[in-house]
Structures are given as C-alpha cells and as structure tokens.
Amino acid sequence: MLSAVIDAGFNSFRLSIFQVFPNGTFRNVGSVKSFVRLGEGLKEGDPVPEGKIEEASRALQGFSRVIESKSIKNVTAVGTSAFRFASNGKEVAERLSSSLGHEIRIITGEEEGKFSTIGVMNTLPVVEGLVFDLGGGSLELTLVKDRKIADVKQFPLGALKLSGKPEEAIRKEIRSAISSMNLKEGIKVFGSGGNLRAIAKLDIKTKGRMIKSVHGYHISSKVISRYSRLLNSMGVKERAGLPGIDEGRAVTINTGALIVDEILSSVKASGVTISAFGLREGLLMGEEVKSLTQLRRMWLSFFSYSLGLDPSLFTISEDSVEDYVAFLVMNMQVAGFISKYSSCMDILRSTTLPGFSREEIRLMLTLCSVASKGKVKKKFYKLVREQIKKKDLYEKAMKVRTKVREFNPWN
C-alpha cells in the first residue's frame, strides 16, 4: 500500500511517498521538496503575504499531480510553525488545502515535537535522552525517559527564523530554551531535521566513512563546533559547493549548525546522534512507541518485505546480534543472491536499516565479513575493536555461519 505524507513547513514543503508493509514498517519510494520559505521574514502575528501563498499553492498543485498519478488514497498533510505564527494561518491552510485536494491540518508545536520524537524512537533504540527536531521556523525539544515521552516543548527558534541574527543573540535564545527543560549535564542527545542531516552527509562524505547512511550517525560536540565556525565563515555559494549541501539548504545550514552547537554546549553533551526520520515518519506510524524488542524485530521483518519475502520463513530464536545477522543473510540466500554474505555487507554499508544503533550496524557488518571469510580482517575489525574482543567476534561469526548452513526454509 502507498501512503503520502506532506509536511508544509516554515522553510520547505515536502511530499514523501511511502510503501507501507503489513507490520507497519515502510520505505520511502519517492520524495518531492520545494523551498517555498512560507515563513521567511514572518513575525508572529503577521499575515503570510499573497505572493508566498501563491507560490505555496503552485508547489502543492505539483504534489497533487504526483499523488493522483500514483492513485494514492491515504494522504496525511500537516502545516507547522508558519501557519501557527501567521495571523491568517487558518485561512492560508484552507486555501492551500483546496490547491492540494486534501485537508492540511495545522498541528500544535507539542504535536510536532511528539510525532517527530515518535519518528526517531521507532527507528532508533533511544532509551533515555533529549530528542530535538530543528526546522525552519521552530525547535522542538523532547525529554525521553525509559522509552517514554516525558516532556515536550516547542520554541520559535528555527534555522530560517533566526537567520541573520547576531550569533550571541541566537545562542542566548537557545540557552534559554534548554534551561526551561531542566536537563541533566551529559545527557544523550538525538536530533532530526534537514540541516542536521546535511551536516551529517557532509561529515560522512568528507571523512569517507564505510557506512553511508546518516541514520544513527554520531557527530561529536567538537566536530559540530568546528562546522559551526566553518559554515558561518562562508557565503551561501561557498556552502552550496560543499559535499552533501544543495543550494536550498545552504541558506540555513550555517544557522542550523550554530543552533545545534549551542544545544550540545548547553547540556555539556558529548555529541549528537542523527536520525534520518522525524515528523513525517512519526505521522505515518501513529502514536505507539515500540519496545526495543519490537523495534528490532519489526525492522528485520521490513528487510524481508523489501526483498519480496515472507518474514515468517525465518525465525529469530533469541535477541542477539548473531541471530540478527543470520536472519539477514538467510534472506539474501532465499532471495537468490549468489554471494549472500557480501550482498548483506553491501546493504548494511549503503542503505538504512532502522531499529539499530550505529554500533550494532558496524558489528553486524563485521560479523558478515568474518562469517564469509572465516577469519577476522583488520579492515573490518577496526570498526568494532572498542566493542568486542577478536576471539568473541570470531565465535559469534561462527554461530552465524552455523545458523545459515542449517537453515532450510522448505522444512
């Protein structure tokens, strides 16, 4: 089944088309983005100018044509901070709903924060910490305790809204927002939003990381601080020339980096873990936050569905990394891949497998390598040497190999 989710944001409008599988997991099969900048220059209580409304209408008419061409019936569309700030926000939403052919519902800041956090928590094993969603017009901060949403707050402190303000004024506003959450120092921080993902892409491309997905990627506070100084020293055209940054994102990424830097500094965090998922995915998944066991198992089933296989063909006897890896390799085997271990490694390197931390993905990738070759190669062991001893790694890999060898889906 195909579903469409539209996020009509302060900076950009985005249409995401998802293939939804029977267990509620999904994959993004198409995306259209338009930097409408509906909220650009908008002060709280001001009306959205007519020119911006017309530009937004044209963008949504384009989205409507895409939705109709794919015969998508399940459409969710939300308006965020620009609609909340503007004096004519409700009227603008009604006009744009007509252009789209589907209702655009204005959501509150707290709803935006909640659904963004659900999008993060149902795709990353977050147990405790601060989850933030940095948009063009607003910043949502959510405190998570024991995999439950404990507190959500929204602030009109987005990257486009604060763009052009003096650095110290921006930092002061972010510090004030953070202080209202009464957070402990050193708390784990997880973030979503286009500017943060663009910084992650830049870091991955610059450093030539083996795993290419931004999901679960961790950037230290020191590195974020360096990017903040670098990006704010460059002009828009210079920023647009950097790896992973397009022209539209180059307008706000410098302010975004400054905001993230101050968030991390304010709570004395070691860094930020990036989520590739947020508001749109949270809206798609609903309000239930999955347990860690449910989380991993549902996304392993997603792997089967994405290969056109029935996940019930495969069993997970226990929640261990070797069982997870065996499950993936068995899928590759049944799907007909000649080099099942190498193909599994390629997928873990180049695509996003939600539900697992970056450390778990690195370990799974390394186990595939060891199980395939029968030995621990230095190139891969350096990815996990801080996580596991070489002897234990080898033993786990041999368990993977045995499970795969004994697997017979036609029994």
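## The open sheet

Let's start with an open sheet of 6 strands, whose pairing is mixed and whose order runs β8-β7-β6-β9-β11-β10. Keep in mind that this is a predicted model. At the edges stand β8 (148–155) and β10 (218–220); each has a single partner strand, so one side of each is left without a neighbour in the sheet. On average, neighbouring strands here are turned by 25° against each other, ignoring direction.

What holds strands side by side in general? Strands of a sheet pair through backbone hydrogen bonds, either parallel or antiparallel. Here, β10 pairs with β11 (residues 271–274) in the antiparallel sense, over 3 bridges. If you look for serine 220, you will find its bridge partner, glycine 271, in β11.

## Helices on the sheet

In soluble globular proteins, nonpolar side chains tend to be buried together. The largest nonpolar core in this model has 57 residues, and those touching the most other members are Val325, Leu328, Leu348, Leu353, Met364 and Leu393. Helix α13 (residues 321–334) gives the most to this core, with 9 residues. A second, separate core has 45 residues, including Leu143, Phe155, Ala200 and Ile263.

Which residues does leucine 393 touch, leaving out those up to four places away in sequence? They are Leu363, Thr366, Leu367, Val370, Val376, Tyr381, Val384 and Ile388.

Technical notes
Residues are numbered from 1 along each chain as its sequence is written. This is a predicted model: local features need pLDDT of at least 70, side-chain atom pairs count only at pLDDT 80 or more; totals for chains, interfaces and linings use all residues. Side-chain values use heavy atoms; hydrogens and water are left out. A nonpolar core is a set of buried Ala, Val, Leu, Ile, Met, Phe, Trp, Tyr and Cys residues joined through side-chain atoms within 4.5 Å. Buried means under 20% relative accessible area, exposed over 50%, partly exposed in between (1.4 Å probe, protein chains only). Helices (H or I, at least four residues) and strands (E, at least two) are DSSP runs, numbered from the N terminus. Contact means heavy atoms within 4.5 Å. Two strands pair if DSSP finds at least two bridges between them. Axes are lines fitted to C-alpha atoms, for helices over the stretch in contact, and angles run from 0 to 180 degrees between N-to-C directions.
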